[in-house]
Amino acid sequence: MATYNLVSSVKGGCGKTTFSVWMAYYLDQAVLVDMDLLGTSMQILFDGNTNDYKKAFTNDVFQDVKSSKKEFVESVELEGGRSVNVIFSSMDCQKQRKFKSGRSSGYTPVVKHSIFRSGLRELIKHNKMIGDRTVEHFIFDMPPNSDGFSDAAMECIFNSKYSALSKEDRKNLFIMIGTDWGQTIATINEFELLLLHNDDKEPDRFFLVINHNQGSNFGQDHYEIRKHKIEQMLKEWNLSEKLQNKIYFLKMEHNEYYTELGIKGKGFKNASAKEITNAFPKAVISATAKCGKEFEPILDDVDGQKKLYKLILGE
């Protein structure tokens, strides 16, 4: 059994790449897949530079399915003996431009919808092994939902009609919620569409990840304000008990060291062991709550790791 974890948001800047990288860093035998074909910064985050990686990019397989048999996974070695397996998206403007319908427009998911589907299926199929080890977790760092491509990718993972997954595999959707109130409302609207009109595109669990930021305009109780607002709407939708039991809330802590490392332009690959330790909090999440329940704080790093594993595996 493998887990497939899509990390999404309705807009950029909500922390989904940070959350995706943290998950990939702490989950054993995981592969982080950069799905932002047009505006990626993943390479800069890892090594502070661009185009240093020589293997195939996600852009390649979505442009030509035949390229799916190339080598994609880069094992990025970090200080302290840890490594992260990543399938990068290209920063080459020529590769990115192929996914635009015009100079000032975004992706063309309608035109390339079948290529996206088959490309993602092939990408998964040919990267289920790293050497002689089976991949246990895929983490897909999605582009913002507003570009339209996320819908095609979500359909390929969650809709059994198009999926390359087995029945035993776990499918989790993580939805990032930033500190902007307008973005919170937009997330609620998107979540309603997803829950009430899923067309058989239903994950095993939904995780609403409330991102903490020191610049929040919600004050000390901003987690609770956003969580309370979302739960109010959930009650109005009259969801079944089965569906409600699939919804979880997570708190993701702000990490100034992670931000500082990015500002310095060093990238994780060039950071010291101490900087890596500071930039990657072991708990990843600081508290969890089932729908309708109060947040339960994570007690320590070990407790945080166990909680994350159990939630992802559905235990």
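Accessible areas here come from the Shrake-Rupley method with a 1.4 Å probe; for residues, only the protein chains shown count as cover. By that method the protein exposes about 14600 Å². Carbon and sulfur atoms supply 46% of that area.

This is a predicted model: local features need pLDDT of at least 70, side-chain atom pairs count only at pLDDT 80 or more, and totals for chains, interfaces and linings use all residues. Residues are numbered from 1 along each chain as its sequence is written, and side-chain values use heavy atoms, with hydrogens and water left out.

Start with the fold. The protein has 12 helices and 12 strands. Helices (H or I, at least four residues) and strands (E, at least two) are DSSP runs, numbered from the N terminus. Of the 315 residues, 54% are buried. Buried means under 20% relative accessible area, exposed over 50%, and partly exposed in between (1.4 Å probe, protein chains only). Now take the contacts (heavy atoms within 4.5 Å). Among those with a separation of 6 or more, 73% join residues 24 or more positions apart.

Next, the aromatic rings. The structure holds 12 aromatic pairs. Rings of Phe, Tyr and Trp (its six-membered ring) pair if their centres lie within 6.5 Å; planes under 30 degrees apart count as stacked, over 60 as edge-to-face and the rest as tilted. F19 and F174 form a tilted pair, 5.4 Å centre to centre with 50° between the planes. F19 belongs to helix α1 (residues 16–26) and F174 to strand β8 (residues 170–177), so this pair links distant parts of the chain, 155 residues apart. Both F19 and F174 are buried.

F268 and F280 pair edge-to-face, at 5.1 Å centre to centre and 65° between the planes. F268 lies in the loop between α10 (256–264) and α11 (273–279), and F280 in the loop between α11 and β11 (285–290), so the pair ties together parts 12 residues apart in sequence. F268 is buried, at 2% relative accessible area. F280 is buried too, at 1%.

A charge sits over a ring if NZ of Lys or CZ of Arg is within 6 Å of the ring centre and within 35 degrees of the ring normal. The charged end of R82 sits over the ring of Y25, 4.6 Å from its centre. K251 lies over the face of F295, at 4.6 Å from the ring centre.

Finally, look at W181 in helix α7 (residues 181–196). W181 counts as partly exposed because its relative accessibility is 34%. Its C-alpha atom is 8.3 Å from that of R226, 45 residues apart along the chain.
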